[in-house]
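Have a look at the model below.

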Amino acid sequence: MVGPIARRIQAAQARRLLESTGGPVTFTTFDAPHTMHEPMAQQYVDVITERVTDRPALLRVTSGRVHTTWGFVGYRAGYCPAGATWLGGNLGAIVKPVQGGPAFESRGRTAAKTLLLHQGYDGGWGLTLTSVSSIVNTSEVLPILRAVGVGGKPVREALDFLAGAVPEHCRPRHKGGRGENTRFVAFGLTGLLHYPHFFRQPGVAEAVAWCVAWLEEHQVEHGWPEVSGVDDTSLHQTALAVQALAQLQRTLNELGPDLALADGVSTTALAEQVAPLITHGTHGLLYHRRPSGAWGWRTYVDTSPSPSKTALCLLALSAVRSMTGPDGLPAGPDMERDVGGAEGAVKRQRLGDVIAEAGRWLLHNHHRWEEFVEDDKDVQGTAWEHMAYALGTQAAIRAGASPRDPRLSKAWRLMDTLWDAESGLWNEPGASGCRATIRAAFYTVMAYQEARAHSTMAGLAEATDDQSALVPAEVSIRTVALTSGHRVLLTADGQDTAVSCGLSERMFELVQFLDQLPEGIATVGEIARALYVAPSSVAKYVQRANRAASSAFGGTPVRLIAARTVNGASGYGLISRATGQEARSDATG
């Protein structure tokens with residue numbers, strides 16, 4: 001019998017293949033009543049390839065999202081649930097439209113084209129297609145463009161706008177600015193990081209460093225205020241700042257240590273600035289968490305719980321929990337922290353538990369946000385509205401809910417109906433009538449991207465009660481075998497069949513170097529000399545090798561190489577050696 005890890009591998013291989021043909025495609029396991037045989041992963045992919053090539057239209061259903069139910073085992077010929085279409089014979093899959101979701105990829109491409117046609121002369125965008133450019137809305141456009149693969153000149157111009165606008169807008173009004181509003185800094189920092197490979201574009205790193213310094217200077221006791229000079233913590237701005245800082249930490253780790261940035265600032269120095277700010281903001285969010293698992297719409301005031309603020313805080317804490325170190329591995333264990341204090345007694349909880357409780361609160365109270373927007377009177381100088389229907393959906397999925405959870409169906413249906421084909425963008429719902437806005441498009445795209453990421457990492461599973469959560473377990477590598485063609489065969493605990501992992505030439509040389517050592521470990525300096533690279537680059541190659549191994553296992557967390565201490569010095573080693581299992585090389589090239 002094929003074990004659960006092998007099934008995930010089969011699903012991931014076929015999933016990636018099907019996703020390239022159209023989408024969005026969502027997935028869940030399916031146990032057929034009649035088992036005939038266990039197809040090998042490559043055979044499974046070959047059959048699906050042939051069927052998709054012959055009948056690609058099956059994956060482009062216009063009436064709703066496409067849902068694919070995987071046959072991990074063989075099926076008796078002709079077995080197919082009502083309303084579905086059989087694909088691929090005995091080794092195939094079932095393709096079935098699911099109510100409530102739009103043909104997202106097509107609409108996403110259309111929205112991106114619309115936005116590109118309406119980019120301002122200054123490189124930015126406003127709330128509507130004819131509005132004056134703003135930091136907030138320009139930052140919201142960039143992930144929409146990235147979702148459909150847009151780069152180049154439009155992105156560079158948008159980044160130039162943000163880099164110049166953030167310090168300019170944050171000046172006091174009497175000095176020609178728009179006010180010292182935290183949202184300008186938080187959204188600006190977020191926008192500057194949506195395209196990490198442009199981080200060294202002139203002006204970007206300087207603006208990022210400016211944002212960090214501003215947040216360092218203007219923090220209050222439990223986070224950041226709406227506007228400088230106000231002592232009350234804003235959950236909205238604190239959550240945005242924490243998310244942005246967590247993304248910056250990831251970007252700095254990917255660039256590697258001691259890389260010179262603007263004005264003599266290095267990645268290491270900036271990371272050291274960022275770390276305490278993340279800790280500060282995280283502590284503030286946890287301090288204001290209520291015993292119910294939610295957050296109120298305002299701090300220090302007895303108000304009703306806010307779905308939007310709860311979603312924002314959940315997403316921020318999730319960003320902190322998923323931070324990695326320079327080697328691409330988790331930054332540290334999920335330790336217990338103080339939670340509560342502003343309301344109710346303080347208790348000790350892990351971030352994972354706080355996130356799960358917030359997700360359950362959102363699902364349990366879905367009727368409060370699934371078809372609504374939520375205004376935020378704390379935001380000064382503008383009529384701010386949270387797209388609660390999409391924000392709540394994104395956060396619930398991030399916390400572990402299935403995108404197919406029935407409690408999310410009304411929200412998906414609303415996002416479907418808000419598509420405006422004439423304007424090529426999504427509308428906002430509201431009593432004053434619908435209007436196409438950047439804000440509505442941003443939150444809708446984020447919800448669908450979250451659903452896609454969920455299916456990629458864990459597959460779709462039914463989530464029908466408040467306790468549901470999907471957390472992919474880490475795969476433990478048992479053996480490593482080098483083969484030809486820069487490929488490595490990896491065997492995991494509980495799995496008999498090896499998984500083939502393709503590596504770049506430099507990553508393969510790294511694994512090969514460690515593999516030939518008696519204990520499979522070496523210092524950073526030794527690795528750098530063996531690969532003829534700078535010591536600061538070693539962490540990047542380790543991170544990329546671990547990512548490649550994770551991709552080979554269908555996105556499940558995998559550590560091929562882990563940090564080690566070698567005679568008191570920093571180093572790395574093959575994870576397979578740490579368990580006492582000797583890695584074996586079948587070839588050297």
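Q: At roughly what angle do the axes of helix H10 and H12 cross?
A: This is a predicted model, where local features need pLDDT of at least 70, side-chain atom pairs count only at pLDDT 80 or more, and totals for chains, interfaces and linings use all residues. Residues are numbered from 1 along each chain as its sequence is written, and side-chain values use heavy atoms, with hydrogens and water left out. Helices (H or I, at least four residues) and strands (E, at least two) are DSSP runs numbered from the N terminus, while axes are lines fitted to C-alpha atoms, for helices over the stretch in contact, with angles running from 0 to 180 degrees between N-to-C directions. The axes of helix H10 (residues 307-321) and H12 come within 9 Å, and they cross at roughly 35 degrees.

Q: Is the crossing of H10 and H12 left-handed or right-handed?
A: A crossing is left-handed if the near helix is turned anticlockwise from the far one by less than a right angle, and right-handed if clockwise. For H10 and H12, the crossing is left-handed.

Q: Which word describes how H12 and H13 lie to each other?
A: Helix H12 (residues 388-398) and helix H13 (residues 409-417) pack with their axes 10 Å apart, at an angle of about 135 degrees. Angles under 35 degrees count as roughly parallel, over 145 as roughly antiparallel, 65 to 115 as roughly perpendicular and the rest as oblique. H12 and H13 are therefore oblique.

Q: How many nonpolar residues are in the contact of H12 with H13?
A: H12 brings Tyr389, Ala390, Thr393 and Ile397 to the contact, and H13 brings Ala411, Trp412, Leu414 and Met415. By class, the contact of H12 with H13 has no charged residues, one polar and, for nonpolar, seven.

Q: Why are H5 and H6 described by the word they get for their direction, and what is that word?
A: The axes of helix H5 (residues 153-169) and helix H6 (residues 182-192) come within 10 Å and cross at roughly 160 degrees. H5 and H6 are therefore roughly antiparallel.

Q: How many polar residues are in the contact of H5 with H6?
A: Leu159, Leu162, Ala163, Val166 and His169 of H5 make the contact with Phe184, Val185, Gly188, Gly191 and Leu192 of H6. Among the residues of this contact, seven are nonpolar, no residue is charged and the polar ones number three.

Q: Is Asn181 buried or exposed?
A: Asn181 sits in the loop between H5 and H6. Leaving out residues up to four places away in sequence, Asn181 touches Cys170, Trp214, Glu226, Val227 and Gln380. Buried means under 20% relative accessible area, exposed over 50% and partly exposed in between (1.4 Å probe, protein chains only). At 4% relative accessibility, Asn181 counts as buried.

Q: What is the relative accessible area of Gly281?
A: Gly281 belongs to helix H9 (residues 267-287). Beyond its neighbours within four places in sequence, Gly281 is in contact with Trp224, Thr238 and Val242. Gly281 is buried, and its relative accessible area is 0%.

Q: How far apart in space are Ala436 and Thr128, C-alpha to C-alpha?
A: Ala436 is part of strand S11 (residues 435-436), and it is buried at a relative accessible area of 17%. Residues up to four places away in sequence aside, Ala436 touches Thr128, Ser423, Leu425, Trp426 and Asn427. Ala436 and Thr128 are 308 residues apart in sequence, and their C-alpha to C-alpha separation is 6.6 Å.

Q: Is Asp258 buried or exposed?
A: Asp258 is in the loop between helix H8 (235-255) and H9. Although it is not a glycine, Asp258 has a positive phi of about 60 degrees. With 58% relative accessibility, Asp258 counts as exposed.

Conventions. Contact means heavy atoms within 4.5 Å. Ala, Val, Leu, Ile, Met, Phe, Trp, Tyr, Cys and Pro count as nonpolar, Asp, Glu, Lys and Arg as charged, and the others, Gly among them, as polar.
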